[in-house]
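Hi,

Here is the structure I promised to pass on. Could you have it open while you read my notes?

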Amino acid sequence: MTRTLLRGGTVFDGTGAPAAEADVVIEDGRFVEVGPGLDGDEEVDASGLTLLPGLFDCHVHVMASHVNFFKLANTPFSYRFFEAARNLAATLATGITNVRDAGGADLGIQQALEDGLIRGPRMQISVRMLSQTGGHGDCWMVSGQRMDLFPVHPGCPDGIVDGPDEMRRKVREMVRAGADVIKVATSGGVLSPRDDPRHAHFRAAELAVLVEEADAAGLPVMAHAQSSEGIKAAVRAGIRSIEHGIYLDDEAIELMLERGTYLVPTLVAPTGVIRAAQAGAAIPESSLRKAEAVIGSHRESFARAVDAGVKVAMGTDSAVTPHGDNLDELVLMHEGGMKPEEVLVATTLSAARLMGVDHELGSIEPGKRADVVLVSGDPFDLATLKERITAVYMDGRKVV
Ligand SMILES: [Zn+2]
């Protein structure tokens, strides 16, 4: 077995331990040793570089490349899959070796990645977000037309559901379609035309069935949740992560701490909507107004959650912002009160814990799969991190 030695670098292992000079030995796709003065058969000179664990993004939509609705309506159906391949490659190039798709990606894309037909990070899928009629996943426009962000197709069934009985069936449909995590919208959102981010969606009885069915299939649930009541209902129902968390009140933060719920902030997303509109994308006027209205509360909620000690895992909502620009989120997390070291833990081991893969991934520790990002210069200068990535390894193989 070949021992690959990454020699003379500084290791930030992702556990929160301070960065320290160390050699790293990889064998058969896994880290086998981390420490000073190691040897190996093949040597990679890592002097002057920092080794980070492969990064995570817990909220992407690889099946969309932008949020220009008119352009989406004029894109041939299968073209979207080729765009997904490009988006995944761009994500990997930025050091992200694991993503959680928050809606749109199906089992075929996941299998194509696993089989090496396309290049990209490992991917957990939610298939499609469950939403009530008129909710965040309901793309019904006032014209009577539907403008689905993600077309309904055999691999990605419709997600509109009302009432506990239908909920049971819909969760089972998503499980059948290959979901690794069930996604639900417990509040309105920004990009959907006819809902309000401040309203709670689904009632407790519907969410109880949702979590019960997901549990039975051994799957966690992630909730698009922006309104205070929608967030609290999700946490009380036992949902594992709050996505966006725009209107977090004290009670919501208290509940999240009590239940160990993760926050996946996606701070870059509202800005992404506004930027896209400014660049001429056809975005409904109502969505643009909502994006402008939520930014302040979003950042303020995040800062309070961090201050209170809520668990945070990095997620961007990429698609709303360009794939490959994922690390822009790290800067906003830092501005919201996290130390750069904490931001990197939220982007590695903490994210791996949320995704239930921390026994295999998320840190540079012997026994784990050898995903490594090599960066030159200061690893804690988050704003320029992306430009300084010199190599990315997955399972011990150089992929970028
Ligand atoms: Zn999203």
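This is a predicted model: local features need pLDDT of at least 70, side-chain atom pairs count only at pLDDT 80 or more; totals for chains, interfaces and linings use all residues.

Residues are numbered from 1 along each chain as its sequence is written, and side-chain values use heavy atoms, with hydrogens and water left out.

Let's start with the domains. The assignment gives domain 1 (3-53 + 361-398) and domain 2 (55-326); such bounds come from an automatic or database domain assignment. Their C-alpha centres are 31 Å apart. About 920 Å² is buried between domain 1 and domain 2, with 61% of it from carbon and sulfur atoms; this is the accessible area (1.4 Å probe) that two parts lose on being put together, summed over both. Of the area that domain 1 buries against domain 2, Lys-386, Val-392 and Met-394 supply 44%, more than any other three residues.

Across this interface of domain 1 and domain 2 there are 3 salt bridges (a side-chain nitrogen of Lys or Arg within 4 Å of a carboxyl oxygen of Asp or Glu). Strand S15 (residues 389-394) gives the most to the side of domain 1 that touches domain 2, with 4 residues. Helices (H or I, at least four residues) and strands (E, at least two) are DSSP runs, numbered from the N terminus.

Now for the salt bridges, of which the structure holds 29. Arg-7 and Glu-43 meet in one, at 2.5 Å from N to O. Because Arg-7 lies in strand S1 (residues 3-11) and Glu-43 in strand S4 (residues 42-45), the pair ties together parts that are 36 residues apart in sequence. Arg-122 pairs with Asp-395, their closest N and O atoms being 3.1 Å apart. At 17% relative accessibility Arg-122 is buried, whereas Asp-395, at 25%, is partly exposed (buried means under 20% relative accessible area, exposed over 50%, partly exposed in between; 1.4 Å probe, protein chains only).

Finally, have a look at helix H3 (residues 107-114), whose buried residues are Ile-109, Gln-110, Ala-112 and Leu-113. Seen down the axis of H3, they fall within an arc of 160°, so they line one face of the helix; the arc is that of the directions from the helix axis to the C-beta atoms. These buried residues of H3 pack against helix H2 (79-93) and strand S8 (122-125), contact meaning heavy atoms within 4.5 Å.

Best wishes
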